[in-house]
Every structure is written in C-alpha cells, then in structure tokens.
Amino acid sequence: MSEQAENQTLNNDSHNHEHELEASAIVISETHEVFNQPPHLEDFNTFEQDQPLVDALHHAGGDWGVEAVTRIGDLLGRAEWIERGFQANENKPEFHSHDRYGHRIDRVDFHPAYHDLMALAIEHNIHAAPWNTPQKGAHAVRLAMNYLYNQNEAGSACPLTMTFACVPAIQKTPSVAKQWLPKILSREYDPSFQPIDKKRGATIGMAMTEKQGGTDVRANTSYAYPMGDKEGAGAEYEIVGHKWFCSAPMCDAFLTLAQTESGLSCFLLPRWRPDGSRNEFYIQRLKDKMGNRSNASSEVEFRGAFAWMLGDEGRGVPTIIEMVALTRYDCMIGSTSLMRQAVAQVTHHIAHREVMGKRLIEQPLMQNVAADLCLEVEGALAMTMRLATALDTPEDEQEQNLVRLTTAVGKYWICKRATHHIGESQECLGGIGYVEESIMSRLYREAPVNSIWEGSGNVQCLDVLRAVGKAPEVLDTFIAELEKASSRQAEYDASLAALKSQLSDFENFQFRARSIVEHMARQMQACQLILMGNELIYNAFCRARLGEQRGLSFGNLPADIDCRAIIERARPKLD
Ligand SMILES: Cc1cc2nc3c(=O)[nH]c(=O)nc-3n(C[C@H](O)[C@H](O)[C@H](O)COP(=O)(O)OP(=O)(O)OC[C@H]3O[C@@H](n4cnc5c(N)ncnc54)[C@H](O)[C@@H]3O)c2cc1C
C-alpha cells in the first residue's frame with residue numbers, strides 16, 4: 001500500500017471511530033430525560049425579587065436610593081455576575097514572595113473575576129456611600145447594596161468592609177485624613193501596587209491579631225519607635241513586630257496596633273513609604289482557610305515599617321474601635337446576606353422540586369422549615385436595618401447608645417445563627433445542596449467566619465455586659481426602643497417583661513451572658529418587625545421566637561401560621 005493510501009485508510013479509520021463515539025454518546029444521552037430539576041436561579045433582579053429587603057429599605061427612609069439598588073440588583077442577578085462569584089472562589093489568591101530574579105515582591109495574584117467584583121462594588125459606592133453622600137437613609141441604601149453584593153461573593157466584601165469602616169478612625173487625625181481620604185472615598189478601583197499619590201483609589205485593611213492574642217490585643221508585642229522629635233497623633237513611627245492575621249494584604253494601608261511608651265497605640269501603616277520606596281511590610285504566607293477563599297488572609301511581619309500614629313498615643317483601642325464597631329455591623333449585614341442567599345435557593349428549589357408526586361413547597365413539613373428559615377432572615381434584616389438608620393445620626397446620643405449595644409447583640413446572634421441556618425437550608429436542597437456546583441457549599445464554608453473575626457461570640461456577650469456596666473444609659477435606650485413596640489403582640493409583651501427581669505438579676509451575670517444576649521437579640525428583632533408593621537411576619541416571628549412553642553431547630557412553627565405566604569414573600573420569581 002502506498003504511503004498516501006495508508007494515510008487515507010488511517011484517516012477513514014479515525015473518522016469511523018469518531019462516528020462510533022458520537023453515536024454512542026447519543027445513545028448514552030438517551031438513557032434518560034432530565035426532569036424534576038429546578039431552572040437555574042439566574043437572570044432576575046435580586047433586589048426587586050426580595051420583598052423583605054424592598055420593605056425594609058422603604059421603612060428605613062431609603063426610597064431615594066431604590067433606583068441605584070435596583071441597578072446593582074439587576075447586574076448581580078445576571079448569570080455572568082453569579083459566575084464571577086464562583087470563579088473568584090474556585091481560583092484562590094496566590095502569593096508570590098519573590099520575582100524570578102530573587103527580588104522580594106510580596107504580591108498576591110487574584111483571578112480577574114475578583115477584580116471585576118471589587119470594581120463593581122466600588123463603582124456602586126459600597127465602600128463609601130454614607131461618607132460620600134451623608135443623608136437620611138444613606139446607611140440603609142448602602143446596606144441594601146452590600147447585602148446584595150455579599151450574596152454573590154462574600155470574600156471580597158472583607159476589604160470593602162474594612163475600607164468603609166476605617167473612615168471614622170482615620171478622620172480622627174486630620175493630617176493623615178487629608179492625604180488618604182480622597183483616595184479611600186474614590187469610586188475608582190485601582191489594584192495597582194504603587195505609592196498612594198499615584199493611585200486613583202485605595203483600599204484599607206486592618207491588622208490587630210498577633211499569635212499570642214487576638215481577643216486580648218493588649219498582649220500585642222509589636223513595638224513602635226518615633227522617627228523624629230514629634231510624637232503622638234499624626235507623627236511618624238517605625239514598627240517592629242508581626243501580625244498573625246492580616247486579611248486582604250494587597251490593600252494600600254492597614255490600621256494596626258503597636259506598643260509605645262504610653263501603651264498600645266493605633267497606626268496607619270502604608271505599603272509604600274512617603275519617599276516612594278517600598279515599606280518594610282512583608283507577607284509571610286497566606287492562610288489556608290476552610291472558606292472565605294476568594295479573600296487572601298495573610299501572616300505579616302513589620303521590619304521597621306513606616307506608619308503614622310492615628311489618634312492619641314496610648315489610646316490605640318478606643319481609636320481602632322471606631323473601625324471595629326463598623327466592621328462588626330458589616331458582619332451582621334454579611335451573615336444576614338448569606339442567610340438571604342440560602343433562603344432564595346431554598347424557596348426556589350422547593351417551588352420546583354416534586355417529591356412523591358407533590359411539590360415540596362406544598363408539603364406541610366417543608367413549609368414549616370422553609371417559612372422558619374425565611375423568618376430568620378426577616379428578623380436579622382430588620383434589626384440590621386435599624387442599626388443603619390441609627391448610624392445616619394452620629395450626633396444623636398440616644399441613637400448612638402442604641403448602636404453601642406445593638407451592634408454587639410446583633411453581631412453575636414446573627415453571625416451565630418447563620419451557620420445553623422445555612423446547614424438547615426442545605427438540607428432542604430437535598431444532595432445538590434452539598435455539591436460544589438451549588439452555592440450552598442460555599443455559603444456553608446463561609447458562614448462561621450463572621451462569628452469568629454472582629455470579636456468571637458463570647459467576646460460580643462462580654463462586650464454587652466461591659467457596655468451595660470460602664471454606661472447604664474445604653475441599656476435604658478435599648479429597653480426604651482423595645483417598649484416602642486409593646487402592647488401590640490401578646491408573646492412580645494410577655495417576653496419583654498421576662499427580659500427586663502433577666503436583666504435586673506446580676507447574679508452569675510457573666511455565666512448567663514449568652515442566654516441574656518440571645519433574649520435581647522430575639523426581642524430586638526421582634527421589636528423592629530412590629531415597628532415595620534407587617535402583621536403576618538411579626539406575629540409569626542414573635543410566636544416562633546418568643547412564645548412558649550419555641551423549638552431548638554428550624555421547622556417548629558405553631559400550626560396556624562400561614563407558612564406559604566411567608567415563603568412566597570421571600571421567593572425570587574423568575575417570570
Ligand atoms: C478568616 C479570618 C480572617 C481574619 N482576618 C483578620 C484581619 O484582617 N485582621 C485581624 O486583626 N485579625 C483577623 N482575624 C483574626 C480574628 O479577628 C481573631 O482570630 C479573633 O479575634 C479571635 O482571636 P484569637 O484567634 O486570638 O482567639 P482567642 O482570643 O484566643 O479566643 C478564643 C476563644 O475564646 C473566647 N474568649 C476570649 N476571651 C474570653 C473570655 N474572657 N471569656 C470567655 N471566652 C473568651 C473567644 O470568644 C474565642 O471563642 C481573622 C480571622 C479569620 C478566621
């Protein structure tokens with residue numbers, strides 16, 4: 001056989017083989033028809049299809065922001081933006097300590113989807129809205145946008161939150177604020193690694209935790225030395241030490257704590273020194289985390305790193321707490337948002353999935369579980385939205401008292417509930433709730449982090465006790481807020497009376513702290529739902545969370561509650 005003929009035969013053989021493969025593929029695909037699976041939950045407006053959020057924003061005076069929230073809700077519901085959330089998590093950030101020639105570079109590379117998401121958020125002012133446009137409802141509008149954003153991708157919400165939260169702490173030192181705030185408040189995302197004066201926008205991180213103590217920051221050993229004669233707020237220092245957790249290490253600067261002769265002080269530590277050289281900020285490695293994967297969290301060392309002091313010397317904790325109060329508030333938004341995403345998935349799934357000849361949404365036991373999951377989001381959102389309105393009036397002492405206590409109570413309860421809530425939600429989807437192609441797995445891995453960072457559960461409870469012990473008026477304000485909703489719902493009134501008696505008994509106060517704080521949280525959530533005025537929701541919530549029929553797991557609602565109406569209110573509709 002000639003070479004040409006041989007090649008022809010080989011080609012024919014391979015052609016025939018391809019045909020055979022194609023034929024067998026058709027046969028395989030014909031083994032069954034795919035049915036009884038829900039349509040993809042995508043290409044819908046995540047704001048418009050979230051009635052509890054629409055109501056909460058309206059109640060909080062955020063009607064003027066509806067157009068902007070609708071716009072981002074439209075984008076975030078699109079398949080391509082949902083996909084970016086997956087891509088940013090499937091392709092974890094990578095740390096490069098050196099370049100190919102051995103120069104130290106300390107660079108963290110992210111998937112392009114991460115940068116797209118950051119740019120979207122910053123363009124929509126999620127990192128700065130209330131500072132850029134302070135007005136009634138500004139925090140509420142920002143909450144709504146952040147809430148929608150977190151549902152697509154929670155990891156990048158970390159640097160966004162820190163950038164948002166740093167502003168009041170930086171404002172305390174005008175010389176630093178003058179240079180940095182215009183870049184922080186900029187609506188351009190600029191991930192380039194260069195000195196601040198060359199950048200179009202900046203992101204900010206926070207580095208407090210050291211190996212020997214995260215909660216107990218007073219145990220910090222990092223030490224700051226003044227560089228010249230000038231000391232105190234705005235002065236230049238060099239810091240030697242380490243931080244055991246420093247998330248988003250590619251930020252442009254970090255609020256950090258270090259000891260001085262007068263005690264623990266707060267600093268702003270940039271990645272570049274004012275003379276244009278790289279700062280002595282070295283990333284040791286990235287943490288290998290169970291979740292929160294799109295976000296880089298690192299261990300860092302400061303080897304004589306340049307920093308400006310923020311606030312007064314020795315007053316590091318009160319200065320950085322201005323930031324921490326807001327990151328804790330954002331943890332409440334973040335966890336409520338994870339629960340909302342779970343509820344969107346659950347209500348969508350059960351509306352389409354049939355088991356034993358009937359859609360799950362029509363089956364009483366599933367109705368009980370799903371409605372209960374929806375109620376949890378209603379309560380968490382109402383409480384967090386109340387905080388947003390209080391944050392709009394920093395000059396109002398009563399409102400700030402409310403912020404002081406409600407942040408600790410809410411951070412404790414909402415973040416803790418999210419883990420349980422999302423586990424239960426996963427189960428509602430059955431097996432596909434456990435696979436990586438479902439967002440549920442990501443939500444489940446993400447959920448615990450809000451509970452741990454920025455002060456873990458016990459720390460929040462102790463903070464409540466500290467606030468009450470130090471300034472009893474904060475408790476008076478909290479109770480006065482709860483009383484605004486009294487005389488409208490029987491279980492609410494009985495529970496409020498029980499809470500007051502619990503709060504007046506100081507015996508074993510610390511040991512009982514969780515029980516007290518949980519009661520405060522449920523009561524405040526119920527209060528806000530009553531004040532919002534949807535009787536179906538507040539009645540169900542009060543009976544489920546404050547009444548005697550309270551169960552430990554989700555799905556223990558009293559029998560006469562209209563579960564279907566609660567579910568339909570939360571369910572995103574594609575048509
Ligand atoms: C993903 C991730 C990212 C992080 N990013 C950052 C970051 O960017 N910057 C940063 O500074 N930190 C960051 N952290 C660190 C985080 O804030 C700390 O881990 C957290 O504050 C707890 O500190 P710790 O780990 O030292 O635990 P510890 O302080 O040892 O606490 C352990 C446990 O003891 C409890 N506890 C503490 N005191 C008491 C008490 N008196 N009574 C009863 N119980 C108590 C706590 O509630 C906690 O449950 C991050 C953590 C994680 C997981």
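**Close-up views of a predicted model**

**Figure 1. Aromatic pairs in the predicted structure.** Eleven aromatic pairs are present in the structure, which is a predicted model. One of the pairs joins phenylalanine 193 and tryptophan 272 in a tilted arrangement, with 4.9 Å centre to centre and 50 degrees between the planes. Phenylalanine 193 belongs to the loop between helix 10 (174-184) and strand 3, and tryptophan 272 to the loop between strand 7 (263-270) and strand 8 (281-286), so the pair ties together parts that are 79 residues apart in sequence. Phenylalanine 193 is partly exposed, at a relative accessible area of 35%, whereas tryptophan 272 counts as buried at 18% relative accessibility.

**Figure 2. The aromatic pair of tryptophan 244 and phenylalanine 245.** The arrangement of this pair is edge-to-face, with 6.3 Å centre to centre and 80 degrees between the planes. Tryptophan 244 counts as partly exposed, at 27% relative accessibility. Phenylalanine 245 also counts as partly exposed, at 38% relative accessibility. Elsewhere, ring pairs link Trp180, Phe306 and Trp308 into a cluster.

**Figure 3. The largest nonpolar core and its members.** The largest nonpolar core has 176 residues, of which Ile170, Trp180, Leu255, Tyr492 and Met520 touch the most other members. Helix 12 (residues 364-391) supplies the largest share of this core, with 17 residues. Residues of the core come from both domain 1 (51-314) and domain 2 (320-570), so the core lies between the two domains. For tyrosine 492, the contacts beyond its neighbours within four places in sequence are Leu482, Ala485, Ser486, Gln523, Ala526, Cys527, Ile530, Cys542 and Leu546.

**Figure 4. Strand 3 (residues 204-207) and its pairing with strand 6 (residues 253-260).** The two strands run parallel and are joined by four bridges. Methionine 206 has leucine 255 of strand 6 as its bridge partner. Within strand 3, Ile204 and Met206 point one way, while Gly205 and Ala207 point the other way, and all are buried. Leucine 255 is also among the residues that touch the most other members of the largest nonpolar core.

**Figure 5. The hairpin of strand 1 (residues 94-98) and strand 2 (residues 104-109).** Four bridges pair these strands in the antiparallel sense. Histidine 96 stands opposite arginine 107 in strand 2. Five residues lie between the two strands of the hairpin, and glycine 102 in the turn has a positive phi of about 95 degrees.

**Figure 6. The buried helix 8 (residues 157-165).** Nine of the nine residues of helix 8 are buried, so the helix is largely enclosed by the rest of the structure. Its buried residues include Cys158, Leu160, Met162 and Phe164.

Figure 7. Most residues other than glycine have a negative phi. With a relative accessibility of 4%, asparagine 292 counts as buried.

**Figure 8. Confidence along the protein chain.** The chain averages a pLDDT of 94, and 95% of the residues score at least 70. Over residues 9-15 the pLDDT is below 50, and this stretch has one contact in the model beyond near neighbours in sequence. Where pLDDT is low, the predicted coordinates should not be read in detail.

Conventions. Residues are numbered from 1 along each chain as its sequence is written. This is a predicted model: local features need pLDDT of at least 70, side-chain atom pairs count only at pLDDT 80 or more; totals for chains, interfaces and linings use all residues. Side-chain values use heavy atoms; hydrogens and water are left out. Buried means under 20% relative accessible area, exposed over 50%, partly exposed in between (1.4 Å probe, protein chains only). Two strands pair if DSSP finds at least two bridges between them. A nonpolar core is a set of buried Ala, Val, Leu, Ile, Met, Phe, Trp, Tyr and Cys residues joined through side-chain atoms within 4.5 Å. Domain bounds come from an automatic or database domain assignment. Contact means heavy atoms within 4.5 Å. pLDDT is the predictor's confidence in each residue, from 0 to 100. Rings of Phe, Tyr and Trp (its six-membered ring) pair if their centres lie within 6.5 Å; planes under 30 degrees apart count as stacked, over 60 as edge-to-face and the rest as tilted.
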